[in-house]
Amino acid sequence: MKKASLYKLFTISLRDILSAYGHNPLVRGFLRLIFAIPALRFALFMAQFDKEIPQRGLREASRKLLRRFYRGVTVHGEKPHREGGLLIVANHPGVGDSLALLSSLERDDIRLVAGEREFFFALPNLLPYLILVPEDPSKRTGVLRAMVDDLRQGKTVILYPAGEIEPDPFLHPDESFLKPWSSAIGLLVRLAQQGGFHFRIQPAISAQVLPPHVLGPSYVKKPALRKTLERKAVGKIIGLGRAKSDSILLVWGPGISSQPLSGLSASAVTDKVMDETIDAFHRFVPIGETAGLLNRRLGHPLQQDRIGT
């Protein structure tokens with residue numbers, strides 16, 4: 001069995017945590033001592049996670065790792081099919097959203113599309129489940145091909161079409177919680193039609209990955225600091241376990257067959273899927289309610305709002 005590189009996981013984790021605290025060398029030197037233990041703690045969790053993938057399977061290993069950082073995941077909506085090609089298109093608020101998805105999927109044939117990061121190469125047992133997207137756009141031609149091949153074989157492909165971190169729906173109630181999504185969704189539909197097969201598209205929305213009590217009252221009072229506070233909150237969650245009393249919310253949207261979408265342009269397919277995704281989330285969290293939930297929960301870490309049924 002291949003072993004994860006604990007040293008690489010530690011150094012990368014510490015670097016990422018410190019990135020939220022500016023570039024002053026004296027401050028960073030002091031914070032390096034403070035955050036060394038939390039970074040090592042996170043690295044040990046990730047190494048154990050990687051070790052357990054071949055032993056327990058990706059879903060069970062993800063479920064156990066999720067519970068290191070959160071109480072769990074609350075799931076609403078239509079569960080994805082257990083068989084056949086499945087493209088999951090999801091928002092990406094970061095931190096625990098991927099673990100929430102992997103923990104909730106009742107399938108083992110998973111391939112997750114992710115940016116090519118040094119961190120992933122330190123996790124050898126996770127790597128076979130990833131389709132890595134190179135930073136150089138000229139080297140990305142194989143990514144779409146790999147996704148098409150997996151869908152043709154009836155596998156599950158998880159795609160974050162924004163290609164970057166998106167707002168948590170509960171933290172940015174006055175703006176769209178989806179950044180513009182890639183037309184790759186429509187391209188996959190077209191390529192499937194050309195290849196003589198079709199697949200299902202299932203939207204998924206994760207929320208509450210950054211609990212308000214971890215962000216603190218300044219998050220509402222000082223909007224200019226929100227991005228910085230969000231980055232710092234990530235370090236508190238992965239390094240200090242500050243969200244262990246909170247559950248991530250995961251809302252599945254209705255599944256859509258790729259077959260009737262094949263006559264649309266790639267951008268029109270993406271627009272339709274985005275609309276379905278937003279509508280699915282607001283069936284459980286009506287427009288306007290997120291602001292109230294955010295303000296109500298600030299400073300109350302143990303309060304759990306029950307949303308949906």
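**Figure 1. Lining of the second largest cavity in the predicted model.** Eight names make up the lining: Phe45, Gln48, Phe49, Glu52, Ala61, Lys64, Leu65 and Arg68. Sorted by class, four of these lining residues are nonpolar, one is polar and three are charged. Helix H2 (25-56) and helix H3 (58-69) each contribute at least two residues to the lining. The volume of this cavity is about 30 Å³. In the structure there are two cavities of 30 Å³ or more.

**Figure 2. Contact between helices H2 and H10.** H2 packs against helix H10 (residues 226-240) at an angle of about 65°. The axes of H2 and H10 lie 8 Å apart. On the H2 side, the contact is made by Pro38, Arg41 and Phe42. On the H10 side, Ile238, Gly239 and Leu240 take part. By class, the residues of this contact comprise four nonpolar, one polar and one charged.

**Figure 3. The largest nonpolar core.** This core has 56 residues, and Phe69, Leu101 and Ile158 touch the most other members. H2 provides the largest share of the core, with 10 residues.

**Figure 4. Leucine 101 and its contacts.** Neighbours within four places in sequence are set aside in this view. The remaining contacts of leucine 101 are Ile88, Ala90, Ile158, Tyr160, Ala204, Leu250 and Trp252. Leu101 is also one of the buried residues of H4.

**Figure 5. Helix H4 within the structure.** Helix H4 covers residues 97-104. Why is H4 described as largely enclosed by the rest of the structure? The description applies because eight of the eight residues of H4 are buried. These buried residues are Asp97, Ser98, Leu99, Ala100, Leu101, Leu102, Ser103 and Ser104.

**Figure 6. Aspartate 150 in helix H6.** Helix H6 spans residues 141-152 and contains aspartate 150. Is aspartate 150 buried or exposed? Aspartate 150 has a relative accessible area of 5%; a residue counts as buried when this value is under 20%, so aspartate 150 is buried. Leaving out residues up to four places away in sequence, aspartate 150 touches Arg111, Ile131, Lys155 and Val157.

Conventions: Residues numbered from 1 in each chain as written. Predicted model: local features only at pLDDT ≥ 70, side-chain atom pairs only at ≥ 80, totals over all residues. Heavy atoms only, no water. 1 Å grid on protein atoms, 1.4 Å probe; cavity = no way out; pocket = protein on both sides within 12 Å on 5 of 7 lines; lining within 4 Å. Points joined across faces, edges and corners; volume = space filled by probe spheres on them. Helix = DSSP H or I, 4+ residues; strand = E, 2+ residues; numbered from the N terminus. Nonpolar A, V, L, I, M, F, W, Y, C, P; charged D, E, K, R; others polar. Core = buried A, V, L, I, M, F, W, Y, C linked by side-chain atoms within 4.5 Å. Buried < 20%, exposed > 50% of the residue type's maximum accessible area, 1.4 Å probe, protein only. Contact = heavy atoms within 4.5 Å. Axes fitted to C-alpha atoms, helices over the stretch in contact; angles between N-to-C directions.
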